[in-house]
Amino acid sequence: MFSRLVSGSLSLGMLAAVLSATLLSAQAASNSTAPSSAVVLHAARILNVEQGTIQSPGEIYIRDGRIVAVGQTVQHPADARVIDLGDTTLMPGLIDAHVHLFLHPGAEDMQTVVESVPERTIYAELAARDDLMAGFTAERDMGTEGAGSADTAVRNAIDAGLIPGPHMRISGNAISILGGHEDAIHFNPAEHISSNATYADSTDEIIHVIREQLKDGSSFVKMYETGADTLHNGVFHTPWQFSEAQLAAAVAEAARMGTVVGVHCTGEPGALFAATAGVASIDHAYQLSDETMRLMRAKQIYAVPTFAISEYFADHADSPSAAASEHAMLDYHVEQFHRQLAAGVPMAVGSDVGPFPHGTQAREFVLMVKYGMTPADVLRADLLHGARLLGWSDHMGQIKPGFDADIIAVPGNPLEDISAVTHVGFVMKDGAIVRNDLPPTVR
Ligand SMILES: [Zn+2]
């Protein structure tokens, strides 16, 4: 995520609202995770994401949380409930490859100073619910921003069916350097305000922190490879934080434990260090050199452009001059994004949601189309690349027999109008219906 200082505060009334909403969500969770009998979903259309095609109509037969059959028609077993979702398109549950459950809109830096970790964990529970209800059935959380390994508790509670939320890949706290990105640089030193990341300044420290985080429950490693970005007269600059050798040591240590490293990295030369070291994703990726793009294509390292957060910051800047510089940075990124697409850099879809409201991040799909991708390519980036990036491509991201029954329904045809994914009306996770706002259809 990014550093922003915005005014805001939390009242007792808001806290009470948060607590009561959490109780409601726990009740919703116990309902949503009840064992489901066999279900047949029927809708006007179904998406084949691999082919980038729509079939009409579409049906999916689901039993015990798994997809059994898919097609224009499927068998309707006697014990199966048939649910007609009417004039909608069935598609796999969405994947957000870059979220922050432990952030909410408002003063991003101040919330990590003012709010306790237990309080922030309550917010994270609500964020997980909101993301799931918006159709995101799997997510990669890119750092708790100072809440340590509290994401382990949230992920485990979701997996145990205690609270509603997506399937989660979690990083614990992100790793950064002393005085680097997410350090509390602008505060009074005498107050000893903590960094929002965990320090590691040497290779030994990097390996120690990775081992500690994996012990505490993290499923992958998040590192800040670049710090404060500047753009002057069309020249972008960002300082690198870890050397190529240090990143390679982190990638090797993650691989030893069967996992990967994802980096916050806005530009060069950090991006080249990260691509050479073999990270799994380069998130934000404003600026990539020709050699970095060549390596990313060859190694299938995903760029995660996170346009939604950039647009939000540009539209919610504190002053006209701040808005102008945010817009200039976004324009620069869009121009670079065109080069990245032309160079065949593989993309994944991640929004950096948290600083803007959870549940609204399908905006990222709309922006990736606006900035040059076809809807079919964005959906492939999200569902196929996203599932691969999360390490779940053998059972997630497609509607196929044997895959998880993580299914959503959207109005219209997302291949014709990608904004359909911002209006999810039906959400199923592991075969359990967690949301159905669609009017019942008589057949
Ligand atoms: Zn982020």
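Q: What should I know about numbering and confidence first?
A: Residues are numbered from 1 along each chain as its sequence is written. The model is predicted, so local features need pLDDT of at least 70 and side-chain atom pairs count only at pLDDT 80 or more, while totals for chains, interfaces and linings use all residues.

Q: How are two packed helices described?
A: By the angle between their axes and the distance between the axes. Helices here are DSSP runs of H or I, at least four residues, and strands are runs of E, at least two, numbered from the N terminus. Axes are lines fitted to C-alpha atoms, for helices over the stretch in contact, and angles run from 0 to 180 degrees between N-to-C directions. Take α5 (residues 203-215) and α6 (residues 244-256): they pack at about 30 degrees, with axes 9 Å apart. That makes α5 and α6 roughly parallel (angles under 35 degrees count as such).

Q: Which residues make the contact between α5 and α6?
A: Contact means C-beta atoms, placed from the backbone, within 7 Å. From α5 come T203, I206, I207 and I210, and from α6 come Q246, A249, A250, E253 and A254. As for the spacing, an α-helix has 3.6 residues a turn, so residues three or four places apart point the same way.

Q: What is the strand order in the open sheet of three strands?
A: Strands pair if DSSP finds at least two bridges between them. The order is β8-β9-β10, with parallel pairing. At the edges sit β8 (94-99) and β10 (167-170), each pairing on one side only. From one strand to the next, the twist averages 15 degrees. Between β9 (residues 136-141) and β10 there are four bridges, and A138 has H167 of β10 as its bridge partner.

Q: Which helices lie across these strands?
A: Helix α3 (residues 117-133) lies across β8 and β9, at about 135 degrees to β9. Helix α4 (residues 150-159) lies across β9 and β10, at about 160 degrees to β10.

Q: Is V421 buried or exposed?
A: Buried means 20 or more other C-beta atoms within 10 Å of a residue's own, exposed 12 or fewer, and partly exposed in between. V421 has 27 within 10 Å, so V421 is buried. V421 is in the loop between β19 (407-411) and β20 (426-429). Beyond its neighbours within four places in sequence, V421 contacts L94, G135, A362, F365, V410 and P414.

Conventions. Angles under 35 degrees count as roughly parallel, over 145 as roughly antiparallel, 65 to 115 as roughly perpendicular and the rest as oblique. Two residues are in contact if their C-beta atoms, placed from the backbone, lie within 7 Å.
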